[in-house]
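Here is a friendly note to read alongside the model. Please keep the structure open and find each place as you go.

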Amino acid sequence: MTPTPIGPSRRQVLVAAAAAATAPLVSAAPAAATGRTRTWDLTLLGTSDTHGNVYNWDYYRDAEYDDSRGNDVGVAKLATLINQIRAERRGRATLVLDAGDTIQGTPLATYYAKQEPITATGEKHPMARAMNVIDYDAVTLGNHEFNYGLPLLDKWIRQLGFPALAANAVNAHTGKPAFQPYVIKKVSPGFAAPTLRVGILGLTNPGTAIWDRAHVEGRLRFDDMIATAARYVPVMRARGADIILISAHGGDSGTSSYGPELPVENPVAMLAEQVPGVDAILFGHAHAEVPERSVTNLRTGEQVLLSEPSRWGQRLTRMDFTLARERGRWKITKKSATLLNTNTVVEDPKVVAAVRRQHQKTVAYVNQVVARSTVELSAAESRYQDTPILDFINHVQTETVTEALAGTAYAGLPVLSIAAPFSRTAVFPAGDVKIRDVAGLYVYDNTLEAVVLSGAEVRAYLEHSAGYFRTHAPGTPVDPATISDPAVPDYNYDAFSGIDYDIDISRPAGQRITRLVLPGTDTPVADDAQFVVAVNNYRRSGGGNFPGIVKTQVYNAQQEIRQLLIDWAQARGVIDPADFFQPNWRLVREGVPVF
């Protein structure tokens, strides 16, 4: 195995040299203000959506992480910023919180959930190792914490040296909290300051009830985040909390990616407006950069401070609070927030060392060759053209379900399959295809399921999917870079195999499937026709709010789709589009192909 770089990159060395000659990273809030009223201060440092990133490493490219904006990633980078600020503020209160989605998202995290699961080996999870080095004060559970089931989640929580919070996750049988709801930290804001009690409430995302239904149904209930905060904030105040901070895994848009059957997915701004007594909210889930947002509470008129630190360890939230004593009680007199960029620092050597062995083992694993591809297969055009690499996914899913249903009552039904273009950069090179190439194509830990849909339901599903595209009048230019609605993520566009169809992007959404026929024929698909449809668990559970798909499965062997792709390639040794590529859909305008 080629040794994996773990030291600073050339860019990091240059940044570090420049930083050494400059002032401190961010000026700390003043410990005391002039005048008669003495003040102290508190700083909150916040992370979120680290998604299994410890090193500044791209496992799919087997190289140091980089993107067009020059971002870096990883908890090791966050640690350096956190340590710098703690050093600047020595003797004054500094808290470190995380708003969730921690143990899923990279091959490193997947390896210790699937290949060598910590539940079987007893080994400490790499994200527990990294976060324990930093010594967080609390972490909130994100929805992706539930991806690998409750036993692994429980094991990870017990490996942490700090509380894992989720006040609105409730035991479905007892009605009691399934996890620790909150913690009250006693800290000293500075010299001669009375003790400050900081209440920290954790709120997780209600969407988990859909996205990980197989793991949580009948076991956990996920209550409304706003109602839960309204319940717990007075309790925390009554138990001595001087100020209230919330760490919430939900965005601030007020919208949901699912229907109205669950509480709002992204309610943070609404929570700030509606629940009195909240001073600030660190939030995540939307992967957005929100340096500082103030929301006025409608009942008290007080300003609630909000901040979201992007994703993957690219940013660190810093909130600063100025505090004074009034009539024997603490009062916040000033508060502000900003985001710090982790590309300004090198990786923390203690975090790097703590996870080095696990990182190297993961790198060795993802660089194993699984097959040889006869030609290069790219996902770059999979959003708007039928491509062999997306058909590879659909072929493996179709074959798996067909074989599993042989001899059952469903064996005579045609099997269709659905796949989404998760990655625009995935490539199978001509020649050796490695595990990391397959993982880069299928980046989520979804499992394979199948349901029965009617012809009418297939059409409705396709119409929903076709809403991904913007409307383009006939004859106007079509730019692949802007062909889709930016409000619809790529993972919420599905392409079918097993039927032939046209999507007319000159027509309004909901009226775009102008040709839907049986494969290789001109025979229209009848509304009452019956099909088995292979689909991932996220979609079948309601992710993306696609119509008709949330129903009882006819197949669910809890097989991870990524591993099925790897196993198929290993078993055959050759990936040849001639074995699976069957073009069956296209974009048109008034019957004329767009591409």
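1. Let us start with Asp49, which sits in the loop between β1 (39–47) and β2 (57–58). Helices (H or I, at least four residues) and strands (E, at least two) are DSSP runs, numbered from the N terminus. Although Asp49 is not a glycine, its phi is positive, about 55°. Asp49 counts as buried because its relative accessibility is 0%; buried means under 20% relative accessible area, exposed over 50%, and partly exposed in between (1.4 Å probe, protein chains only).

2. A word on the source: this is a predicted model, in which local features need pLDDT of at least 70 and side-chain atom pairs count only at pLDDT 80 or more, while totals for chains, interfaces and linings use all residues. Residues are numbered from 1 along each chain as its sequence is written, and side-chain values use heavy atoms, with hydrogens and water left out.

3. Now look at Asp101, in the loop between β4 (93–98) and α3 (107–115). Its phi is near 65°, a positive value in a residue other than glycine. Is Asp101 buried or exposed? With a relative accessible area of 1%, Asp101 is buried.

4. Moving on to α3, 7 of its 9 residues are buried, so this helix is mostly covered. The buried residues are Pro107, Leu108, Ala109, Thr110, Tyr111, Tyr112 and Ala113. They pack against α4 (118–121), α5 (126–134), α6 (150–159), α11 (349–366) and α16, where contact means heavy atoms within 4.5 Å.

5. Buried residues of α16 include Leu564, Leu565 and Trp568. After α16 comes Gly573, with a positive phi near 80°.

6. Here is a sheet to trace by eye: an open one of 6 strands, in the order β8-β9-β11-β12-β14-β13, with mixed pairing. Its edge strands, β8 (182–187) and β13 (289–296), each pair on one side only. From one strand to the next, the twist averages 20°. Two strands pair if DSSP finds at least two bridges between them. As background, strands of a sheet pair through backbone hydrogen bonds, either parallel or antiparallel.

7. Within this sheet, how many residues of β11 (residues 243–248) are buried? The count is 6 of 6. Ile243, Leu245 and Ser247 point one way, while Ile244, Ile246 and Ala248 point the other way. Strand β9 (residues 196–203) pairs with β11 in the parallel sense over 6 bridges, with Ile200 opposite Leu245. On β12 (residues 280–283), also parallel to β11, 4 bridges make the join; Ser247 has Leu282 as its bridge partner, and Ala248 has Phe283.

8. Together, β11, helix α10 (residues 268–274) and β12 form a right-handed β-α-β unit. Right-handed means that, with the strands pointing away from the viewer, the path from the first strand over the helix to the second runs clockwise. Helix α9 (residues 225–238) lies across β8, β9 and β11, at about 160° to β9. Axes here are lines fitted to C-alpha atoms, for helices over the stretch in contact, and angles run from 0 to 180 degrees between N-to-C directions.

9. Another open sheet has 5 strands in the order β23-β19-β26-β22-β27, with mixed pairing. Strands β23 (495–497) and β27 (555–560) stand at the edges with a single partner strand each, so one side of each has no neighbour in the sheet. The twist averages 30° from one strand to the next. In this sheet β22 (residues 447–454) and β26 (residues 530–536) are antiparallel, paired over 7 bridges, and Leu448 stands opposite Asn536. Helix α14 (residues 455–466) packs on the sheet, touching β19, β22, β23 and β26, with its direction about 120° from that of β22.

10. To finish, find Asn537 in helix α15 (residues 537–540). Because its relative accessibility is 14%, Asn537 counts as buried. Leaving aside neighbours within four places in sequence, Asn537 is in contact with Trp211, Asn446, Thr447 and Glu449. Which backbone atom does its side chain reach at 2.7 Å? The side chain of Asn537 reaches the backbone nitrogen of Thr447.

How values were computed. Polar contact = N/O pair within 3.5 Å; in protein donor to acceptor, adjacent residues only side chain to side chain.
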